Amino acid sequence: MNKQLMVQPSSTADTRSPWRGLRELVQLVRLPNLLLLALCMVLVRVGLLHRHMPAASLLDVRFALLLLSTLCVAAAGYIINDYYDVKIDAINRPDRLVVGRAVNRRHAMLAHLLLTGIGMLVSGALSPLLGLVHAASGLLLWGYSVRLKRMALVGNLSIAALTAASVLTPELQLRTGVSTVWVYALAAFLLSVVREIIKDVEDMRGDAEHDCRTLPIVAGVARTQWVAGFFLLLLALLVSGAVWQSVQLGWWWLAAWLLVLVLLPLAALARLLARADRKAHFAQLSLWCKLIMLAGVLSMLVVEVGG
């Protein structure tokens, strides 16, 4: 009987450990965010830059290497952020804590260095400009994790700038001169600022206990909502201009898509933001930002149809 009791737990652990390990890896590198980034880069390439030969564009080895290097740097950024935020995440997100619990901190640091190195070397081999962009991105992600994220608005703007840079990398590789990609990059920047500010409100408790000086801690939640609303207004004006331009060009499908799936949800997001006063509310707002970003990314397919 004793032998049976000893064998049964180890058998259960062997059955569950691969799935548990996979789930923790997905959490560590934020796989859904990486997939959204990959989708965005693919659609920039085929929907904006190479609309007339999408298949050949996707089969380009150089683009595959660019995609690989960008995802490596982004994944490394998530890992280093978790590495330095173990104590804060233990308060804000104890159920999603990976580094220090499931993954050894030393191994996490090694994974960060390895992925960052791969991203810089691969992109540098593609072009000096892309290598410089990814080197700067890796350095900024490290600085964000160590210091910048604890500074009011500075960390928010840093992450938003990196998001915009990711949107621009296919254009930096091809140098097509297509201006539309810059509009999408600006939209990604503005929406990312809003989401990062919302996340700071959501994480106030853990941040305050570890001497972070994020915007809601320094200025209060009410003023922070006004700041987020300002960036939301800028984004709404940008999307409204895109809708008007689409109508002028006769791109009715794109105009309808942006109006119904981007602009109206932005208005709803602004209304919810004004009324939010609990952590659960701000968590919901963060999800809204992700869904709006997905709708914006998918609109590149409609650009291809409209153009």
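Reply: A residue is called buried when its relative accessible area is under 20%, exposed when it is over 50%, and partly exposed in between, with a 1.4 Å probe and only protein chains considered. The model is a predicted one, in which local features need pLDDT of at least 70 and side-chain atom pairs count only at pLDDT 80 or more, whereas totals for chains, interfaces and linings use all residues. Residues are numbered from 1 along each chain as its sequence is written, and side-chain values use heavy atoms, with hydrogens and water left out.

A salt bridge is here a side-chain nitrogen of Lys or Arg within 4 Å of a carboxyl oxygen of Asp or Glu. Five salt bridges are counted by this rule. One of them joins the side chains of aspartate 82 and arginine 30, with an N to O distance of 2.8 Å. Aspartate 82 belongs to helix H4 (residues 61-84), while arginine 30 sits in the loop between helix H1 (2-29) and helix H2 (31-49), so that this pair links distant parts of the chain, 52 residues apart. Helices (H or I, at least four residues) and strands (E, at least two) are DSSP runs, numbered from the N terminus. Both partners, aspartate 82 and arginine 30, are buried.

The linked charges around aspartate 85 come next. Its side chain forms a salt bridge with that of lysine 149 at 2.2 Å, N to O. Lysine 149 lies in the loop between helix H7 (128-146) and helix H8 (154-174), and aspartate 85 in the loop between H4 and helix H5 (86-92), 64 residues apart. Lysine 149 and aspartate 85 are both buried. A further salt bridge connects aspartate 85 with arginine 150 at 3.4 Å, N to O; this pair, 65 residues apart, again links the loop between H4 and H5 to the loop between H7 and H8. Aspartate 85 counts as buried because its relative accessibility is 1%, and arginine 150 counts as buried because its value is 17%.

Tyr84, Leu139, Trp142 and Val146 form a nonpolar patch with about 380 Å² of accessible area together. Patches are made of residues with over 30% relative accessible area and no salt bridge, like charges being joined within 9 Å and nonpolar side chains (Val, Leu, Ile, Met, Phe, Trp, Tyr) within 5 Å; accessible areas come from the Shrake-Rupley method with a 1.4 Å probe, and for residues only the protein chains shown count as cover. The largest share of this patch, three residues, comes from H7. Valine 146 is found in H7 and counts as partly exposed because its relative accessibility is 32%.

Helix H9 (residues 180-202) includes glutamate 202, which counts as buried because its relative accessibility is 14%. Leaving aside neighbours within four places in sequence, glutamate 202 is in contact with Arg93, Lys279, Phe282, Ala283 and Ser286, contact being heavy atoms within 4.5 Å. As 17 of the 23 residues of H9 are buried, this helix is largely enclosed by the rest of the structure.
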